[in-house]
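Welcome to this short tour. Please take a look at the sequence and the model below, and then read on for the domains and the charged pairs.

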Amino acid sequence: DFLCISLVNGFPQLRYNLGDRTITLQTLQKVHANGNTWHSLNAGRVGNEGYLDLDGINVTQKASPGMNALDTHTDFFVGGVSSLNLVNPMATEIEPTGFTGCIREIVINNRELNLTVTDPKGGANIGDCDGTDCGYAVCKNNGTCQVENSGFSCSCPREWTGTTCEQSIYCSQNMCGSHALCIPQPSSFSYTCACTLGWTGKYCNNKIKFYIAKFVGNSYIKYTDPFYGKRDLQYSRLSLNFTTTQTEGLIAWMGKSEDEGNDFLAIGLANGTLKVVINLGERISVPLMHSKYFTCSDGRWHFITVVQNQTCIKAYLDEELILFEDIDPQRKYTALNYGGICYFGGFEIGRKVNIVTTGLFQKEFFGKIKDVVLFQDSKKIQLMKAEGYNIHDGNSGN
């Protein structure tokens, strides 16, 4: 399998093969080869339907029956390859040669690559394309860069300050402690402090310990499973206790959450009832809904266990089997490749649950979580030792 973007006689070309045949798309217009015109190129595929867009003019190859997953486990190369024999003979129209020119702002599956000296895995013969201290996007938040004798200066929009317009004016005089992030609140011309795990208070100066994690809507915990490499991913299990009075919220997300192609197992509430969603591959998310409404939003503690036995999913609520389904009798994908990452209550600050989960869940979790156990482990995971923000001590007032 491969996916390749190349230039052929001045025309950008996309070629990809998902295992059965090579599909080729070519733009309708040539690129300017004068060395001072930037072009915007969007290319990719949904299933086996490809698209190629140069400066807003789109070419689409309609899908026909066939393979629809790209199985590649190699490095991602930009501008050239370390060895030409790595290139599939079908990936380019003529013999492959390295690219000469400038490339910036590479975004793959909504994540921008850092094109710096240190971020890539490797490379050779790469120089700075801009040639000035301004470079590309040095000034953040729509600031304007100007080259000076001593380097550069940024002219910042009204609500931003700092040498690269990186700081909100609402946070420039903040009193958040060293265990906090300042979150600007432009509507009130103010800010709030987001406390790292184990700290609380208005300015995050109060140290706390907890065994019950209390989530207040802009909270999350990200736990990295130290035993991930030894897990049998065909037989996954997640159990925990939770309590809430809300009818919507993401309780747990077992998976990387970086793009919609990642495997995951998710537990949450929708319309006051329990919702379990699982994706074992190919972006096919299978939602399973508990039929009884408003059984979980009563402010009482509830015990939930979700078990994945290859493609068979079971969910127990308060020791009662409430969901049981074989989500793929064909057994095409049977392992939950969750990447050793588990989120509780939500995602990183600034990442909204409804966007990250593409509408599967609507809101962050309001409530408490305790007694989280992964797989058949004899010990509960220590939520205190994870990463997170805005978690309160839920031990009091139970």
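The domain bounds used here come from an automatic or database domain assignment. Keep in mind that this is a predicted model. The assignment divides the chain into domain 1 (2–112), domain 2 (180–208) and domain 3 (213–393). Taken over C-alpha atoms, the centres of domain 1 and domain 2 are 44 Å apart.

Now to the charged side chains. Eight salt bridges turn up in a search of the whole structure.

| Pair | N to O distance |
|---|---|
| K222 and E348 | 3.5 Å |
| R231 and D377 | 2.8 Å |
| R331 and D326 | 2.9 Å |

Let us start with the pair K222 and E348, joined by a salt bridge. K222 sits in strand β17 (residues 213–224) and E348 in the loop between β26 (341–344) and α1 (353–356), so their contact ties together parts that are 126 residues apart in sequence. E348 is buried, at a relative accessible area of 18%.

In the pair R331 and D326, R331 is partly exposed at 36% relative accessible area, and D326 is partly exposed at 28%. Finally, K222, E348 and R351 belong to one network, joined by salt bridges that share partners.

Technical notes
Residues numbered from 1 in each chain as written. Predicted model: local features only at pLDDT ≥ 70, side-chain atom pairs only at ≥ 80, totals over all residues. Heavy atoms only, no water. Salt bridge = Lys/Arg side-chain N within 4 Å of Asp/Glu carboxyl O. Helix = DSSP H or I, 4+ residues; strand = E, 2+ residues; numbered from the N terminus. Buried < 20%, exposed > 50% of the residue type's maximum accessible area, 1.4 Å probe, protein only.
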